[in-house]
Amino acid sequence: MPSLNLETFKSKVDAYQKKLVDESARPHDSKSLEELRNLFLSRKRGLITLLFEELKDLSPEEKPAAGQWINSLKLEVQEKLAALEAKLKAPQRTKKEIDLTLPGERRYWGAPHPVRLFQQEIENIFLSIGFSIEDGPEIETDYYNFEALNFPPHHPARDDWDTLYINDTLLLRTHTSPVQIRVMEKKKPPIRIIIPGKVFRRETPDPTHLPMFFQVEGLVVDEGVTFAHLKGTLEYFLKRLFGDKIKIRFRPSFFPFTEPSAEVDIECLACGGKDAACRLCGGTGWKEILGSGMVDPQVFKNVNIDPEKYSGWAFGMGIDRTAMFAFDIPDMRFFFENDLRFIRQFTLK
Ligand code: PHE
């Protein structure tokens with residue numbers, strides 16, 4: 001009977017030992033760790049305590065071996081508990097923690113778009129000489145885009161603006177000039193404004209054309225305004241934009257809403273007229289950059305400003321086209337491909 005007892009005792013110790021291994025493999029918090037401690041070591045009902053109590057049922061010869069098994073199990077329990085406790089106390093790595101050994105994360109910062117940069121440069125120049133900035137709708141009526149600007153219906157001059165119509169009366173504005181009308185309807189002279197904004201024309205994209213591009217309009221209306229003011233202001237503006245040495249020329253031209261009208265060319269920045277095959281100026285040495293003129297008296301009548309009392313001048317310049325020229329960009333489409341390697345190359349002087 002005693003030998004059977006010893007065997008039973010041994011299998012009990014083995015079962016507890018297996019229980020200990022299973023239990024300690026589970027994740028623990030401080031509460032479940034305490035329960036595990038009590039399960040084995042509680043002074044009243046702990047499994048180890050009970051085993052020690054059962055020792056007395058064994059024969060004196062059996063006791064030393066059995067005592068050793070209990071003691072080594074107890075030691076094992078204590079070691080496991082200490083290890084689990086240490087694990088629980090160790091600082092946990094949270095997601096927010098920075099691992100300085102990881103390779104850096106490359107961030108792709110954006111950059112101001114070259115067209116926007118150039119527009120800001122233009123705005124700054126005009127703001128510094130007393131102009132203010134206005135804007136108007138991109139979807140316009142036929143009246144503002146054409147009629148009020150002295151283009152009668154079906155007049156062939158309309159053909160110069162390849163228009164995207166929405167219906168018979170609505171269209172995408174082909175130039176920023178309709179905002180001249182909108183401003184003059186509301187404000188009385190003196191007026192000194194620029195109007196930067198998007199315009200739209202029915203164009204197939206190629207290196208120098210896009211169906212959407214940017215213009216900046218200028219308008220000055222006051223008593224005693226002459227062509228000399230137009231010339232002087234535009235020369236001042238272009239010299240600040242391109243440097244004092246830039247050569248400028250005025251060529252007679254025609255716009256229904258200005259009389260007389262002039263187109264303004266600047267000397268080719270790429271070849272200075274020396275390269276007959278220059279891709280920027282086509283060998284002419286000049287680049288047309290804006291249209292301008294004295295506000296036509298009929299336009300003043302359309303907005304109830306007395307042309308006998310007031311006079312004015314206006315201009316319209318392509319922003320992206322001029323930026324291409326200033327930054328030496330060969331293809332207008334680059335502006336809107338959104339390739340950061342392109343966009344990030346530009347800064348203002
Ligand atoms: N609106 C004209 C264009 O788009 C430019 C212009 C503006 C000409 C103002 C004269 C005066 O070509």
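Author: Two strands pair if DSSP finds at least two bridges between them, and a strand here is a DSSP run of E with at least two residues, while a helix is a run of H or I with at least four, both numbered from the N terminus. The model is predicted, so local features need pLDDT of at least 70 and side-chain atom pairs count only at pLDDT 80 or more, whereas totals for chains, interfaces and linings use all residues. Residues are numbered from 1 along each chain as its sequence is written, and side-chain values use heavy atoms, with hydrogens and water left out.

Reader: In which sense do β7 and β8 pair, parallel or antiparallel?
Author: Strands of a sheet pair through backbone hydrogen bonds, in either of two senses, parallel or antiparallel. Over 8 bridges, strand β7 (residues 258-267) and β8 pair in a sense that is antiparallel.

Reader: Which are the edge strands of the open sheet?
Author: The sheet has 7 strands with mixed pairing, in the order β1-β4-β5-β9-β8-β7-β6. Those that pair on one side only are the edge strands, β1 (132-133) and β6 (248-255).

Reader: How much of the area that the ligand exposes when taken alone does the protein bury?
Author: A polar side-chain atom of W161 lies 3.3 Å from an oxygen atom of the ligand, and one of R201 lies 3.0 Å from a ligand oxygen. Taken alone, the ligand exposes 320 Å² (by the Shrake-Rupley method with a 1.4 Å probe), and of that the protein buries 92%.

Reader: What is omega for the cis peptide bond that joins E259 and P260?
Author: P260 has its place in strand β7. The peptide bond that joins E259 to P260 is cis, with omega about -5°.

Reader: Where is P190 found?
Author: The peptide bond from P189 to P190 is cis, and its omega is near 5°. P190 itself is found in the loop between α7 (178-186) and β4 (191-200).

Terms used: Polar contact = N/O pair within 3.5 Å; in protein donor to acceptor, adjacent residues only side chain to side chain.
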